[in-house]
Amino acid sequence: MIEQVRSLPVGLRAAYVLLVGVLATLVWLAPTLARRAALMVRFPLVDGWFPDPLQAVGLYAGVVVLQFAVMVLALARPSRTTLRLFAWTTLGFGAVLLVHQASFGAASSVLFFWTGVWALWLTHATRGFERGPFFCLLLLGGMFAWPALGKLTPGYLSGEVYWRAHWNGPAGPQGIHMWVARVLSEPAHERLLRWFGPLSVAVEGAVALAWLLPGRWGFGVVGLGAVGILAMAGPSFIRVMGIVAAVAASGWVLAASEEVRAANAENAARS
Amino acid sequence: MGWPLRDAWRSRQEGADGATWGFLAAMLALWGLTLGVAASPEWWLQRSHHQGSFGVWALTQTVPFMYTLETDWWAERHGPAEPALAEECARIGNHGLRQHLPVGQFTNPERRPMNRLCGLPADLVLESRLRKHRVRTRWRLEEHSGVLVLEERP
């Protein structure tokens, strides 16, 4: 299997890494997807805002099952055809989840959609893979630009939101903060959480602009940002950061490949 | 590993294939929509679900994390939605959902801002469902079928 993957062109190798990461994230997300479908069946809502197919549980369940099936097929039999199929189904899966009545505006849906766009480029491009690291960081930047821009509010910049969300809500400390609370006093913990407000804007803003950095630094900023957000928000963000990690890993595979490094050296000599 | 932007620029001599043009167009759309919505959120939101069409709404859904803006924007400009939501939830709860979902958690106004700003835990799926359908809506429960029918969307 590993030999089979190694023998693939560089774009398809990167797509295979993307596939592994997306599949792992989807497995993590599977119980939630199943719960949403079950809820649709148990408590149907009729809302004329959505076209009929986008209210149907059949379409929702269908794209989920199709996505899993295609990914398992591509995992077991990696080839240009199966990986292209993975790219198209990921785009379709993300598009349906984005606008389906049962998608609940989940962030993972929109990230699946853009991951499908990235997978399409990886599996259909015929040349110019030295652009891949830039494209990858540009896409990841787009994923993080809105979270950074959307947090330019007084509540986030003062850290009030984090303080209320992770500690001071009615449900008490959340996620990692249950452990932090054992080490820090409450005032110290509050100060720490209030720092997270501007810090999160800075980190997400840095990831959004990582395409301007040297490759090693760019991918490093993405990795640090993802790990930091995951540590801050807890396991519930695996559904988002898993996709980010998969896209970043596939971009890294391109950047580190012999083919891309050789092409870069040739282009540098020419210019 | 060099500068990705510089490497991409240097590779321009070999030209771009169809996949690359397509990807660049998609990136233009992603960044354009993100910056466009951030520059004038009210314009976009008014033309999507509050007054507008499903198509514009679907377009805005491609902006990552758009839903946080939708809920914050709505709450900030139209006053707290909690009483309306609580009323809806209580009504639904009276019809039996209370047994299956932690209704008390989302009818608690103290908890609402937290959910609104940070996304929803998976067990609060009904709340997010109502949120997606906008909280300021009128629903009618068909007693014979148990189906909730949307009667009015502002």
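This is a predicted model: local features need pLDDT of at least 70, side-chain atom pairs count only at pLDDT 80 or more; totals for chains, interfaces and linings use all residues.
Which handedness does the crossing of H3(A) and H4(A) have?

1. Start with the overall make-up. Chain A carries 13 helices and 1 strand. Going along the sequence, the order is α-α-β-α-α-α-α-α-α-α-α-α-α-α. The radius of gyration comes out at 21 Å, close to the 18 Å from the globule rule for 271 residues, so chain A is as compact as a globular protein of that length.

2. Buried residues make up 55% of the 271 in the chain. If you take the contacts in chain A with a separation of 6 or more, 72% of them join residues 24 or more positions apart.

3. Now the opening question. H3(A) passes H4(A) in a left-handed crossing. The axes of H3(A) and H4(A), the latter covering residues 80-99, come within 9 Å and cross at roughly 155°. That angle is over 145°, the cut-off for roughly antiparallel, and H3(A) is therefore roughly antiparallel to H4(A).

4. As for what sits in that contact, the H3(A) side includes Leu59(A), Tyr60(A), Val63(A), Leu66(A) and Met71(A), while among the H4(A) residues they meet as a group are Leu83(A), Phe86(A), Phe93(A), Val96(A) and Leu97(A). By class, the contact residues split into 15 nonpolar, 4 polar and no charged.

5. Have a look at Leu54(A) too, in the loop between strand E1 (45-46) and helix H3 (57-76) of chain A. Leu54(A) has a relative accessible area of 12%, so it counts as buried. Leaving aside residues up to four places away in sequence, Leu54(A) touches Leu59(A), Val99(A), His100(A) and Gln101(A), plus Phe54(B) from chain B. Leu97(A) is 43 residues from Leu54(A) in sequence, with 9.1 Å between their C-alpha atoms.

6. The other helix pair to check is H10(A), residues 186-208, with H11(A), residues 215-233: their axes come within 10 Å and cross at roughly 150°. H10(A) and H11(A) are therefore roughly antiparallel to each other, and their crossing is left-handed.

7. The breakdown for the contact of H10(A) with H11(A) is 9 nonpolar, 1 polar and 1 charged.

Conventions
Residues are numbered from 1 along each chain as its sequence is written. Chains are lettered from A and ligands numbered from 1 in the order in which they are written. Side-chain values use heavy atoms; hydrogens and water are left out. Axes are lines fitted to C-alpha atoms, for helices over the stretch in contact, and angles run from 0 to 180 degrees between N-to-C directions. Helices (H or I, at least four residues) and strands (E, at least two) are DSSP runs, numbered from the N terminus. Angles under 35 degrees count as roughly parallel, over 145 as roughly antiparallel, 65 to 115 as roughly perpendicular and the rest as oblique. A crossing is left-handed if the near helix is turned anticlockwise from the far one by less than a right angle, and right-handed if clockwise. Ala, Val, Leu, Ile, Met, Phe, Trp, Tyr, Cys and Pro count as nonpolar, Asp, Glu, Lys and Arg as charged, and the others, Gly among them, as polar. The radius of gyration is taken over C-alpha atoms; the globule rule is 2.2 Å times the number of residues to the power 0.38. Buried means under 20% relative accessible area, exposed over 50%, partly exposed in between (1.4 Å probe, protein chains only). Contact means heavy atoms within 4.5 Å.
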